[in-house]
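Here is a short tour for anyone who likes to know the cut-offs behind each number. Please keep the viewer open as you read.

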Amino acid sequence: MAKLVSLSDGVADLVRDGDVVALEGFTHLIPFAAGHEIIRQGRRELTLVRMTPDVIYDQLIGAGCARRLIFSWGGNPGVGSLHRFRDAVQNSWPGPLELEEHSHAGMANRYVAGASGLPFAVLRGYTGTDLPRHTDNIRTITCPFTGETLTAVPALRPDVTVVHAQRADRAGNVQMWGIAGVQKEAVLAARRSLVTVEEVVDELEPVPGQVVLPGWAVTAVAEVPGGAHPSYAQGYSVRDNDFYVEWDAISRDRDTFRDWIEGHVLKVEVQA
Amino acid sequence: MSPDYTADEMMTVAAARQLRDGTACFVGIGLPSTAANLARATHAPNLVLVYESGCLGAKPDRLPLSIGDGVLADTADAVVSVPEVFNYWLQPGRIHVGFLGAAQLDRYGNINTTVVGGEYDDPRVRLPGAGGAPEIAASCGEVVVIVRQNLRTFTERVDFVTSVGYGAGPGDRERLGLRGGGPRVVITDLGVLEPDPVSCELTLTRLHPGVTTDQVRAATGWDLAVAERLTTGDPPTAHELTVLRALEATKREKRGGA
């Protein structure tokens, strides 16, 4: 059964230096507060996994938490580039960043394989592109039934997956709805998991389209209202698109970035 | 005489006109999303918009900034997981049209959105990467590309093949086992290019009003093929412009508050 913990205790217990860490949330329900706590606790040498390393990974990369990135799309959605990500790849600032790059279909299937306890996933994908030239983790396989050549990608098994959801009950059962992305697969693929939620309630009222993660499949739950901002939690908040636009200017320059992290992440008081 | 619309507006309108009512369209963010929503608000009210966030049949009343804005989930026929949208909906060929942008494009409609210049490990410019595009380009019934035309983008050779058009030419898609039809049309701010039925090479088939062939050639990094029967497209109608501008205005509205 999932433990109810504070955010700082949850991150301290579950996210360790050198871990393979997945923070998921496809535009919706991105666990920003947990990402900021990882920065505050000074985690280093992480392999960061995420389909869309958008602003949250731009922050973790710029803050020096990451050694490696496994991803499929690294941009600021609807705005443009991720400047900290680009600075790391193009200029090794604040340190070199090793990349393993996939397509969305490939990443999604890698989580599915991890959640399913399989060593790899099969898909029709990547064929004819230059992506397989740059990683050994995209290969071909012959279908034993039809002889067709298909693409194989290995399972993703993060040491820890962190996601945000709308609600949990006191037994740690987690409920999310709206765009559910790949969070269920990412949690089930991981060895440990931390879920931040908008609120902990006595009883989970059913919601159309809900995804429920049973408490016994989750390691820890932390109540963090607004923990997805500037992403959003359907039913609780809307996406702060203005912030995503503002991030472009904040992140373009190393000094303005450092000032922002200092003022908005490092110096923030967190309830213990 | 200057027209009372911009080249970008012409491009968006021309792209919207490519989308047929009742078809399902896999929509990327930015220009494709604007054009698809314009089509749905004008001639194609039953166009099914599919966003990679898992929103099937989204009917937004304002332009989303991202592929996962709440308005897409709120208005969708179904919201499915990301593995499902790719495995059950895109991969089997259920989506008729894939709508893509490009940072670089070559004469066979191959697309780069990954790196420009230098080596892969040490690029001059690191772009966002693949996202859903490789499988959209592979598996949709056909692909519509919308991209501004200039020498930086229309290159003899793309620095990285992120998404396959016609590969190195005729027969390549079949050889690679790609089941979708590939790029049917490329809409730019200057005109319209379509693959030659035999050579698969992108060929200028239509100019936007007021644009010359020489202008298009000068914005193309290879020796551009031009159709024998080159036509000039219709300018945006007053209705198309009104709807487009109203949609664009929704992007500028202050977003916030729950």
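## Ground rules

This is a predicted model, in which local features need pLDDT of at least 70 and side-chain atom pairs count only at pLDDT 80 or more, while totals for chains, interfaces and linings use all residues. Residues are numbered from 1 along each chain as its sequence is written, chains are lettered from A and ligands numbered from 1 in the order in which they are written, and side-chain values use heavy atoms, with hydrogens and water left out.

## Where the chains meet

Let's start with the interface. Chain B brings 47 residues to the contact and chain A brings 49 residues, where contact means heavy atoms within 4.5 Å. Together the two chains bury about 3800 Å², with 59% of it on carbon and sulfur atoms; buried area is the accessible area (1.4 Å probe) that two parts lose on being put together, summed over both. On the chain B side, B:Leu65, B:Arg126 and B:Pro128 account for 17% of the area buried against chain A, more than any other three residues.

How many salt bridges are there between chain B and chain A? The count is one, and its partners are the side chains of A:Glu101 and B:Arg126, at 2.5 Å from N to O. The rule asks for a side-chain nitrogen of Lys or Arg within 4 Å of a carboxyl oxygen of Asp or Glu. Polar contacts across the interface come to 19 residue pairs, both residues at pLDDT 80 or more. Such a contact is a pair of N or O atoms within 3.5 Å; within protein, one must be able to donate a hydrogen and the other to accept it, and residues adjacent in sequence count only if both atoms are side-chain atoms.

Helix 3 (70-75), helix 4 (82-90), strand 9 (122-126) and helix 5 (133-139) of chain B each give at least two residues to the side that touches chain A. Strand 9 of chain B gives the most, five residues. Helices (H or I, at least four residues) and strands (E, at least two) are DSSP runs, numbered from the N terminus.

Now for the gaps. On a 1 Å grid over the protein atoms alone, a cavity is a set of points where a 1.4 Å probe fits but cannot get out, and a pocket is an open set with protein on both sides within 12 Å along at least five of seven lines; lining residues have an atom within 4 Å of a point. Grid points are joined across faces, edges and corners, and a volume is the space filled by probe spheres set on the points.

The count comes to four cavities of 30 Å³ or more, and the largest cavity has a volume of about 50 Å³. Among the residues that line the largest cavity are A:Tyr126, A:Thr129, B:Glu135 and B:Leu178. The largest pocket has a volume of about 1400 Å³. Of its 48 lining residues, B:Ile29, B:Gly101, B:Ala102, B:Ala103 and B:Thr113 are the closest to its centre. Helix 2 of chain B supplies the largest share of this lining, three residues.

## Backbone and a helix pair

Chain A has some backbone details worth a look. A cis peptide bond joins A:Trp93 and A:Pro94, with omega about 0 degrees, and A:Pro94 sits in the loop between helix 4 (83-91) and strand 7 (98-101) of chain A. The bond from A:His229 to A:Pro230 is also cis, with omega near 10 degrees. A:Leu29, a residue other than glycine, has a positive phi near 55 degrees.

Over all chains, the whole structure holds 30 salt bridges. One of them pairs A:Asp255 with A:Arg258, the closest N and O atoms being 3.1 Å apart. Both residues lie in helix 8 (residues 254-266) of chain A, three residues apart, about one turn of the helix.
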